[in-house]
Amino acid sequence: MAQRSSFKLQTYGISGDLLDWFSSYLGHRSQKVMYKDQLSSQLDIFSVVLQGSVLGPLLFLIYVNDIAENMLTMCRLFADDSSLQQSSYNVLDIEQKLNHDLHVLELWSNKWLLKFNSSKTKVIFFSKNEISVMPKLFFNGDRLEFVPVHRHLGLLISESLS
C-alpha cells in the first residue's frame with residue numbers, strides 16, 4: 001500500500017526528500033494493543049494513513065482523487081462518502097451508465113486496495129412519473145437495494161424529495 005501511495009504522490013509532483021519523508025511516514029508501521037494488563041504481540045499495519053492524523057484527510061483525498069476517471073455519471077466525493085448520480089428520461093440508460101460506473105469502481109478498488117462496503121451501498125430513485133420497472137444495479141456481485149429514504153452526509157433524502 002505504501003508503494004501505491006508513493007505512486008499517487010508522485011503524480012502530484014512530489015519527489016525527492018519530501019517523497020522519501022512521506023514514504024517513511026506511510027510505511028513500516030506496527031502496533032500493539034493493551035487491554036487491562038495484557039499486551040498483545042506486535043502486528044504489522046497495512047492500512048497506512050492513520051485515522052485521526054492531521055495529514056490523514058489530505059492523504060486520503062490524494063489517494064482517491066482519480067476515482068471518477070472513466071465514469072459516465074456524476075461522481076460526488078466528500079471525505080470517505082461517495083455517490084453516483086445520473087439523470088435521464090430512459091430508465092435503461094440510467095441502468096447501463098450506473099452499472100458501467102459501479103464496475104469502474106470495482107476495478108478501481110481492486111487496483112488500489114480500497115474496499116467499498118456493498119451492504120452500505122443503497123439506491124434512491126427520484127422521478128416525477130410512476131416507474132413500472134426499476135433499474136437492476138449491481139456492485140461487487142450484489143444487487144443493490146432501493147430505499148425510499150437515505151441518510152447522506154447527515155441529511156435525510158426521500159424519493160419524494162420531501
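Helix H4 contains a run of buried residues: Ile 94, Leu 98, Asp 101, Leu 102, Val 104, Leu 105, Glu 106, Trp 108, Ser 109 and Trp 112. Buried here means under 20% relative accessible area, exposed means over 50%, and partly exposed lies in between (1.4 Å probe, protein chains only). The model is predicted, with local features requiring pLDDT of at least 70 and side-chain atom pairs pLDDT 80 or more, while totals for chains, interfaces and linings use all residues. Residues are numbered from 1 along each chain as its sequence is written, and side-chain values use heavy atoms, with hydrogens and water left out.

**Helix H4**

- Helices (H or I, at least four residues) and strands (E, at least two) are DSSP runs, numbered from the N terminus.
- The 22 residues of H4 should span 32 Å at 1.5 Å a residue, and the end C-alpha atoms are 31 Å apart, which agrees; the expected span is 1.5 Å times one less than the number of residues.
- At the start of H4, a side-chain oxygen of Asn 90 comes within 2.8 Å of the backbone nitrogen of Leu 92.
- Leu 113 follows H4 and has a positive phi, near 60°.

**Nonpolar cores**

- A nonpolar core is a set of buried Ala, Val, Leu, Ile, Met, Phe, Trp, Tyr and Cys residues joined through side-chain atoms within 4.5 Å.
- The largest nonpolar core has 18 residues, of which Leu 102, Leu 105, Trp 108, Leu 137 and Leu 144 touch the most other members.
- Helix H3 (56-64) and helix H4 (91-112) each supply at least two residues of this core, and H4 gives the most, with seven residues.
- A second, separate core of eight residues includes Leu 9, Ile 14, Leu 19 and Tyr 25.
- Beyond its neighbours within four places in sequence, Leu 105 is in contact (heavy atoms within 4.5 Å) with Ile 67, Met 71, Leu 84, Phe 116 and Phe 139.

**The S5–S6 hairpin and its surroundings**

- Strand S5 (residues 74-78) and strand S6 (residues 81-85) pair in the antiparallel sense over five bridges; pairing requires that DSSP find at least two bridges between two strands.
- Two residues separate S5 and S6 in this hairpin, and Ala 79 in the turn has a positive phi of about 50°.
- Leu 84 belongs to strand S6 and is the bridge partner of Cys 75.
- Leu 84 counts as partly exposed because its relative accessibility is 24%.
- Not counting residues up to four places away in sequence, Leu 84 touches Met 71, Thr 73, Met 74, Cys 75, Leu 98, Asp 101, Leu 102 and Leu 105.
- Thr 73 is in the loop between H3 and S5 and counts as buried because its relative accessibility is 10%.
- The side chains of Thr 73 and Asp 101 are joined by a polar contact of 2.5 Å. A polar contact is a pair of N or O atoms within 3.5 Å; within protein, one must be able to donate a hydrogen and the other to accept it, and residues adjacent in sequence count only if both atoms are side-chain atoms.

**Aromatic pairs**

- Seven aromatic pairs are found in the whole structure. Rings of Phe, Tyr and Trp (its six-membered ring) pair if their centres lie within 6.5 Å; planes under 30 degrees apart count as stacked, over 60 as edge-to-face and the rest as tilted.
- The rings of Phe 116 and Phe 139 have centres 5.8 Å apart and planes at 70°, so this pair is edge-to-face.
- Phe 116, in the loop between H4 and strand S7 (122-123), and Phe 139, in strand S8 (residues 138-139), are 23 residues apart.
- Phe 116 counts as partly exposed at 24% relative accessibility, whereas Phe 139 counts as buried at 2%.
- Phe 7, Tyr 63, Trp 108 and Trp 112 are linked into a cluster by ring pairs.
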